[in-house]
There are 2 protein chains.
Amino acid sequence: MSASDVRAVTASSPAHQLEHAFSETERAAVYKAIYGRRDVRGQFLPDPIPDDVLARLLLAAHHAPSVGFMQPWSFIIVRDPSVKARVHAAFRTANAEAAELFDGERGATYRRLKLEGILEAPVGICVTCDRDRAGPVVVGRTHIRTMDLYSSVCAVENLWLAARAEGLGVGWVSIFHEAHLRDALGIPERIVPVAYLCVGRVIHFFARPELETAGWRPRLDLASLVAFDGWERRSDSDPLLPLLREP
Amino acid sequence: MSASDVRAVTASSPAHQLEHAFSETERAAVYKAIYGRRDVRGQFLPDPIPDDVLARLLLAAHHAPSVGFMQPWSFIIVRDPSVKARVHAAFRTANAEAAELFDGERGATYRRLKLEGILEAPVGICVTCDRDRAGPVVVGRTHIRTMDLYSSVCAVENLWLAARAEGLGVGWVSIFHEAHLRDALGIPERIVPVAYLCVGRVIHFFARPELETAGWRPRLDLASLVAFDGWERRSDSDPLLPLLREP
């Protein structure tokens with residue numbers, strides 16, 4: 001059976017997506033979200049997030065890929081200022097320790113960076129991973145044990161891109177002792193808090209990542225990160241390479 | 001200064017995105033990619049991926065969020081059939097072991113599942129993580145050491161959604177001994193192979209995840225996964241909950 005025969009046979013089945021293709025406009029919109037997404041720390045507006053919008057973000061996260069269809073994520077919605085204050089205290093402790101790890105000028109720059117919007121963002125969302133959600137043996141997790149954590153990370157990225165399309169900023173705060181974040185939110189030992197996200201309307205999105213603008217690190221040249229058929233097997237004449245420039 | 005004053009001050013700055021908002025059509029397109037994305041194993045067509053399309057997928061991955069703007073990822077493009085054969089051999093070894101872990105009926109079902117398209121997909125992409133790319137101390141990775149791996153996972157999800165918008169299927173193969181995948185691709189010890197992706201045109205996309213259709217696991221009820229201001233702090237009357245239904 002040729003591929004076009006298969007196509008004819010399967011096109012009418014309800015098991016298959018009928019709207020297979022994206023229009024040029026739809027495709028561009030997906031790239032607009034990907035390129036326009038920013039880690040937001042300092043531009044949050046206090047406006048509450050309407051429930052229908054928040055629901056769409058969570059549904060987008062829930063439709064992330066997950067190993068063995070495990071769906072290991074849960075979502076803690078943080079709106080109570082006293083809970084935010086506990087999370088912020090956990091951040092402050094860790095951030096003071098972090099600042100000590102950067103020497104001299106780098107340390108001074110680090111202390112000037114605004115790294116989170118825990119108190120200002122109207123909503124915090126903690127995305128977790130329950131490693132036992134589907135029992136001990138999970139399809140696709142038999143050999144790489146971290147695949148369940150990676151599934152929760154995919155949920156974070158889905159939520160982040162959906163938020164960008166909704167005009168909402170998201171900032172991922174990772175400067176915590178995991179135990180302190182657990183304590184702040186009452187998360188038991190068996191559950192991994194994968195991400196704490198600050199979510200809300202923003203004054204504006206920056207055109208470029210803040211760490212790039214601040215001169216902390218440049219955007220790397222993508223062509224230097226691509227190899228062919230083996231680690232660091234470069235092929236300088238490959239016609240793909242000149243196409244790997246920023247659009 | 002009120003929020004609207006701030007908006008007036010900043011709107012003309014080139015440091016800010018001028019096209020802040022998404023139209024209704026653009027927003028719907030982002031959700032179409034999120035809901036329509038599938039883990040593709042068995043519907044690949046052999047057609048090569050045009051270089052301009054492959055470049056767009058890699059650029060989308062390269063614009064993922066990364067901790068401390070670390071950009072820890074590299075991409076190995078696999079097109080050589082002999083390399084694919086080595087990767088497939090690594091899969092076969094691990095998959096035979098995996099099948100032994102499921103008992104009785106479950107084991108029989110497992111053996112019938114098609115879990116990868118390594119040989120059929122025209123392109124494989126291994127997404128890696130170089131944990132030393134930005135030196136030992138990285139902003140945001142000081143306390144949660146896995147944040148760099150999570151950045152590479154965000155690159156995978158960006159690539160996956162971009163591929164869906166391009167009409168390309170992606171399947172993430174995770175049934176490998178990490179050492180065998182390293183050997184197949186010549187990846188050194190210090191680099192983590194985070195994902196091996198099969199990428200290509202497809203006959204069709206399924207309407208639902210294959211493991212759901214096969215009765216392996218159902219889609220979980222999202223409302224049961226959402227809590228408020230603390231782990232498992234339910235609030236049955238919260239107006240968010242009735243909105244957490246499939247669209």
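Trainee: Which strand of chain B does strand β5 (residues 226–228) of chain A join, and how many bridges are there?

Mentor: First, this is a predicted model, where local features need pLDDT of at least 70, side-chain atom pairs count only at pLDDT 80 or more, and totals for chains, interfaces and linings use all residues. Residues are numbered from 1 along each chain as its sequence is written, with chains lettered from A and ligands numbered from 1 in the order written. Strands here are DSSP runs of E with at least two residues, helices are H or I runs of at least four, and both are numbered from the N terminus; strands pair if DSSP finds at least two bridges between them. A:V226 has B:F75 as its bridge partner, and the two strands run parallel, so the answer is β1(B), with 3 bridges.

Trainee: Are the residues of strand β1 (residues 75–78) of chain B buried or exposed?

Mentor: Count neighbours: 20 or more other C-beta atoms within 10 Å means buried, 12 or fewer means exposed, and in between is partly exposed, with C-beta atoms placed from the backbone. B:F75 and B:I77 lie on one side, B:I76 and B:V78 on the other, and all are buried.

Trainee: At what angle do helix α2 (residues 24–36) of chain B and helix α6 (residues 147–165) of chain B pack?

Mentor: Axes are lines fitted to C-alpha atoms, for helices over the stretch in contact, and angles between N-to-C directions run from 0 to 180 degrees. Here the axes are 9 Å apart, and the angle is about 105 degrees. Under 35 counts as roughly parallel, over 145 as roughly antiparallel, 65 to 115 as roughly perpendicular and the rest as oblique, so α2(B) is roughly perpendicular to α6(B).
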